[in-house]
Amino acid sequence: MASGKSVADGDIVVERVAISGATLSLIIQSFSSSEGDCDGLLFGHVQRRSTLDLVDDETGPQAPRDELTASVTGHCCTGRVMSFYDGAGGIDVSKVTKMVGERDERGGDAPIGWFVGRRESPLRPSMRESAVTANLRTMPAVVAAAVNVDMGRNRIVVPSSSPCLFLIFSESLSSSATHTHEYRAFQYRRKASGGGWFEPCTIEIVNIGPAFRGSYDSFAPVAPFPRFLKPSDIGGGVGMESSPRYSEEGLRRSYGKGETTDVINGKEKKGSQQQEAEQALLDMYSQDFSVDRLQKLISSGGKGGHVQELEDLYTKMLKKLEGLAKQVCESSDALVAKEAENVKLRNALHSADHR
Amino acid sequence: MDARAVPTWLHAQIEYLRNNAPLPLKVENLRAGTRGGHVMDRFTLLVPCCLSNVKWEVVFNGLDAKVAPDIIFGVDDESFQPLANSSEFSPGSFLRDWTVTEPNSLLKLILVTRGSYLDYQRHRVEAVNDPRVKFEINTMSGLQGLEMCITTASDRSEEVNFAVPLVLEVEAPHLPGSHLPSSTLWNDISLQVKFPLQRGQTSAGPPQLKLVAPPAMREVFDVDDVRLPVWPGNICLVEYIPSLQQTLQQQVREARASIALRRSFMEALFPFFGRPLEADATYCRRISLLASSGAFTFLVHLALPIQFPKVQPTLTFQSSQHFDTRGRPLVSRTYMDYPWSPRWDAPQMAQRIMDFVADECIAFKKQCNDLLHHQR
């Protein structure tokens, strides 16, 4: 994650807020399906992007421009207001811990801010929303103590290495045929003298196309693997890894056997069938080279004795390649024969034409 | 039940606010914030501040009475964050222990928030780095009820605004049977002072001055008629205000005396016209009388100006026997040119009006008859 250019007040300043169309529409969907107003947390990270501004006259060496973009990758919405704070904007640490914890377990990003959806009201931060945002930004010292006990890390509030965002969504139903959705993003900036202000940010909806090449240059996979568990995971803490994305842990977990799911507590039982299906798909790809064996390779730390294992793996791969090569040969033979036949036919057609 | 209804608990809060506010708070644009648009739970509130109104959006949650309300301030007031300070007088304590069962909760919240807002505006004015503004604030700090704010005009130019309440010494009314509101009404005149800022500095010229009074006062005294004393160069408001108060006091006394004169004039009409049909007993600005000339019965409406008796009342006749095609009674022109002298005593004024009405009603009757004849 970007350390970012920092200003005198210690906040990093992002140039824009990027949000994928899917995430944005999910938030809008959560809001429009809630009966009244709603709020929730936003998760995401900051990316540094180098862009080269192409100009016609080359007056000097062109330095790539560094841009900081805050990407919103997910949200959490309870469908009502005051879901993690009180009437005066004081944060309820236990509720935030719960919301962040659920997200964290799935290997998502850290909280990056929060949002509010309210109808028939201006797109400006309200009295309480200002207080909530300020508290989210400024209370890590208070929270850290409470958090260390059960979570062992300080990711409950918006980390100081990322900006604190605030998004307002509004929806108007002027006629039943047209629904207008409006949204506005702000970045909360602290003043040196205390207090803070909201700086409006442009929202960029990430899409495919030349304008978004930068997004792909600096692509970092953030979507977690499906949540599979190994038998050994059940005894220990589930999902306690700090950042399972593409780490060894994540890889191991994601290739874990599916049959273990039915031993875990109730809420995961529902998903066990689906997980088994997914596991079957993964097994097909791994071609009976089981995760347990793969794990041995990783965990042994080059102790020897697993050379056999490795050779086995290579032999299988070579066999597979051989099979593929044979298939290619056969098909190209068939292709040559077909082409010869075609030439014959064409010649016949040509002579018939001349006649 | 109405399809679009205000929840009863919110209705109680709004009604209490409307009936018990010590300031003229105005609830506007009550609207729904729920998905189906059935529950009205948010509105615009006009809050008087420094002689103008600021618009606050008050947002309740119509689905959950326990959710404390929230306020969205104006576009220029984004740096006003009253919950940031945790003092006893911040609105935070009200919101934390929000009790919807007490109908005065909303009013209390608004008044506390308004107090914070005035403090915030005062800090903004104090932060203006201009010796003249600083001097004015220091010299006026002892004034009771002084309000100040910085306003931004549409062209982004700013001005410092002071609202100085003027204290007028007006003796208690001695009018018999008068329902005149007590002398508090007379103390509601304020002086609005505006110092335009250019690049954060005031210019050397005189400030913009304007008298502001509650609309109800217009019945007895119109502040727009007051000619403000000339602003001599190089003085400050504290020096200017006493002379203004003196001028104003004199004019307010005259206006009050005028009420008594109007009342005695109205009473003097009774021997000629009998008891009036209708009369404004508070400020004595209007009276309607019934008169007849032979078989022709008609009404005489008199409108008495604030400057009575310097300016004579206006008369209008209304026939009770002639109606136009749409059934409305025929009305004469407004008479302001009949014989009049402010030096006459009340019975003589009444006598002269009686004489004029007796003469003029014949012409009016003829006019009515002609009009009806044309219609046929």
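Student: On what conventions does the description rest, and which pLDDT is needed for local features?
Tutor: Residues are numbered from 1 along each chain as its sequence is written, while chains are lettered from A and ligands numbered from 1 in the order in which they are written. Side-chain values use heavy atoms, with hydrogens and water left out; in this predicted model side-chain atom pairs count only at pLDDT 80 or more, totals for chains, interfaces and linings use all residues, and local features need pLDDT of at least 70.

Student: How many helices and strands does chain B have?
Tutor: Helices (H or I, at least four residues) and strands (E, at least two) are DSSP runs, numbered from the N terminus. Chain A has 11 helices and seven strands. For chain B the assignment gives six helices and 14 strands.

Student: What share of the contacts in chain A with a separation of at least 6 joins residues at least 24 apart?
Tutor: A contact means heavy atoms within 4.5 Å. In chain B, residues 24 or more positions apart account for 53% of the contacts with a separation of 6 or more. For chain A the corresponding share is 69%.

Student: How much area do chain B and chain A bury between them?
Tutor: Buried area is the accessible area (1.4 Å probe) that two parts lose on being put together, summed over both. The contact involves 30 residues of chain B and 29 residues of chain A. Carbon and sulfur atoms carry 56% of the buried area, which comes to about 2,400 Å².

Student: Which residues of chain B lose the most area to chain A?
Tutor: On the side of chain B that touches chain A, E1, strand E3 (52-59), strand E4 (70-72) and H2 each supply at least two residues. Three residues together give 27% of what the chain B side buries, and they are B:Arg35, B:Ile72 and B:Gln81.

Student: How many salt bridges does the rule find across the interface of chain B and chain A?
Tutor: A salt bridge is a side-chain nitrogen of Lys or Arg within 4 Å of a carboxyl oxygen of Asp or Glu. The structure holds 20 salt bridges over all chains. Across the interface there are also 11 residue pairs in polar contact, both at pLDDT 80 or more, a polar contact being a pair of N or O atoms within 3.5 Å, where within protein one must be able to donate a hydrogen and the other to accept it, and residues adjacent in sequence count only if both atoms are side-chain atoms. The number of salt bridges across this interface is three.

Student: How far apart are the closest N and O atoms of B:Arg96 and A:Asp86?
Tutor: B:Arg96 lies in helix H2 (residues 92-96) of chain B, and A:Asp86 lies in the loop between strand E3 (65-77) and helix H2 (93-105) of chain A. A:Asp86 is partly exposed, with 27% relative accessibility. The two residues form a salt bridge, and their closest N and O atoms are separated by 4.0 Å.

Student: Which residues have the most contacts inside the largest nonpolar core?
Tutor: A nonpolar core is a set of buried Ala, Val, Leu, Ile, Met, Phe, Trp, Tyr and Cys residues joined through side-chain atoms within 4.5 Å. The largest has 67 residues, and its largest share, 13 residues, comes from helix H5 (residues 237-273) of chain B. The residues with the most contacts inside this core are B:Phe162, B:Ile189, B:Leu191 and B:Leu302.

Student: Is B:Thr316 buried or exposed?
Tutor: B:Thr316 is found in strand E13 (residues 314-323) of chain B. Leaving aside neighbours within four places in sequence, its contacts include B:Leu299, B:His301 and B:Val331. Because its relative accessible area is 17%, B:Thr316 counts as buried.

Conventions:
Buried < 20%, exposed > 50% of the residue type's maximum accessible area, 1.4 Å probe, protein only.
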